[in-house]
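Student: I would like to go through this model with you. Could we begin with how its elements pack together?
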Amino acid sequence: MNASSVFQTLRPQNSWVTRYFWRQWKLIALLAVFLVLTVGFQLGTPLLLRAFLDAVSAQAAMSIIMRVAVIYIVAAFALRGVQVGENYLAEVVAWKATNALRIDLVRHCLALDLSFHLKHAPGELIERIDGDVGMLNNFFSRFVLVLVTNALVALGVIGLLATLDWRMGLLYVGYAGLYVAAVFWLNTATVANFVRARSRG
């Protein structure tokens, strides 16, 4: 029994996205709002710090310097709060989706004939239903969230650099492209080995 055999035999009428995520569209929409706020604060706080340093260097009025400093501190705390909310919503969405998947997998396995259960040990089924689905939980709540956030931040940085100097923006685009290509190339063998390891029954 390989790692994906149970998932392959379970064939819902709709796609897995519709089946396990679309029913949570309100939470996902709220998560998207928190995601955009996180990216905005991550891009905005360095600009506020730059404004503070420029104001100090230009010997601006103390009221202006204090105003910029207070805005920066508030933005930094707001960023932490938004990140906490973002992680919480991501965990809730991932747990609801994977718990629904676990229920479907258990129902599917219980509907199979006795020969299937004689062929596969209970511990093996538990590992496939709970262990493998738990990995999907980590994937959706952490990896995807970090990937999307970093991609949006990278695009924002490219935009900010392009407004300062188009050559800097172009250089960063080249660097980001090489980095992404290297990561995908290095992960190919790792993913293949991981799939083989999880497929051993």
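Student: How are helix 3 and helix 4 oriented to each other?
Tutor: In this predicted model, helix 3 and helix 4 are roughly antiparallel to each other, a label given to angles over 145 degrees, while angles under 35 count as roughly parallel, 65 to 115 as roughly perpendicular and the rest as oblique. The axes of helix 3 (residues 25-57) and helix 4 (residues 62-111) cross at roughly 160° and come within 8 Å. Axes here are lines fitted to C-alpha atoms, for helices over the stretch in contact, and angles run from 0 to 180 degrees between N-to-C directions.

Student: What is the handedness of the crossing of helix 3 and helix 4?
Tutor: Helix 3 passes helix 4 in a left-handed crossing. A crossing is left-handed if the near helix is turned anticlockwise from the far one by less than a right angle, and right-handed if clockwise.

Student: And which kinds of residues make up that contact?
Tutor: The contact of helix 3 with helix 4 has 28 nonpolar residues, five polar and two charged. Ala, Val, Leu, Ile, Met, Phe, Trp, Tyr, Cys and Pro count as nonpolar, Asp, Glu, Lys and Arg as charged, and the others, Gly among them, as polar.

Student: Where does Ala-76 lie, and how far is its C-alpha from that of Phe-41?
Tutor: Ala-76 lies in helix 4. The C-alpha atoms of Ala-76 and Phe-41 are 7.6 Å apart in space, although the two residues are 35 apart in sequence. With 26% relative accessibility, Ala-76 counts as partly exposed; buried means under 20% relative accessible area, exposed over 50%, and partly exposed in between (1.4 Å probe, protein chains only).

Student: What is in the loop between helix 3 and helix 4?
Tutor: Gln-59 is found in that loop. Its phi is near 55°, a positive value in a residue other than glycine. Most residues other than glycine have a negative phi. Gln-59 counts as exposed, at 71% relative accessibility.

Student: Let us change topic. How many helices and strands are there overall?
Tutor: The protein has seven helices and zero strands, in the order α-α-α-α-α-α-α along the sequence. Helices (H or I, at least four residues) and strands (E, at least two) are DSSP runs, numbered from the N terminus. Of the 201 residues, 27% count as buried.

Student: What about helix 6: does its span agree or disagree with its residue count?
Tutor: The span agrees: the 43 residues of helix 6 (residues 122-164) should span 63 Å at 1.5 Å a residue, and the end C-alpha atoms are 61 Å apart. The expected span is 1.5 Å times one less than the number of residues.

Student: Where does helix 6 bend?
Tutor: Helix 6 bends by about 35° at Phe-139, taken as the angle between axes fitted to the seven residues ending there and the seven starting there.

Student: How does helix 6 pack with helix 4?
Tutor: Helix 4 and helix 6 pack at an angle of about 150°, with their axes 9 Å apart. That makes helix 4 roughly antiparallel to helix 6, and their crossing is right-handed. Val-133, found in helix 6, is buried, with a relative accessible area of 0%. Val-133 and Asn-99 are 34 residues apart in sequence and 8.4 Å apart in space, C-alpha to C-alpha.

Student: And helix 3 against helix 6, at what angle?
Tutor: Helix 3 and helix 6 pack at about 40°, with axes 10 Å apart; they are therefore oblique to each other. Helix 3 passes helix 6 in a right-handed crossing. Leu-47 lies in helix 3 and is partly exposed, with a relative accessible area of 41%. The C-alpha atoms of Leu-47 and Leu-160 are separated by 9.8 Å, at 113 residues apart along the chain.

Student: Which conventions apply to the numbering and the confidence cut-offs?
Tutor: Residues are numbered from 1 along each chain as its sequence is written, and side-chain values use heavy atoms, with hydrogens and water left out. Local features need pLDDT of at least 70, side-chain atom pairs count only at pLDDT 80 or more, and totals for chains, interfaces and linings use all residues.
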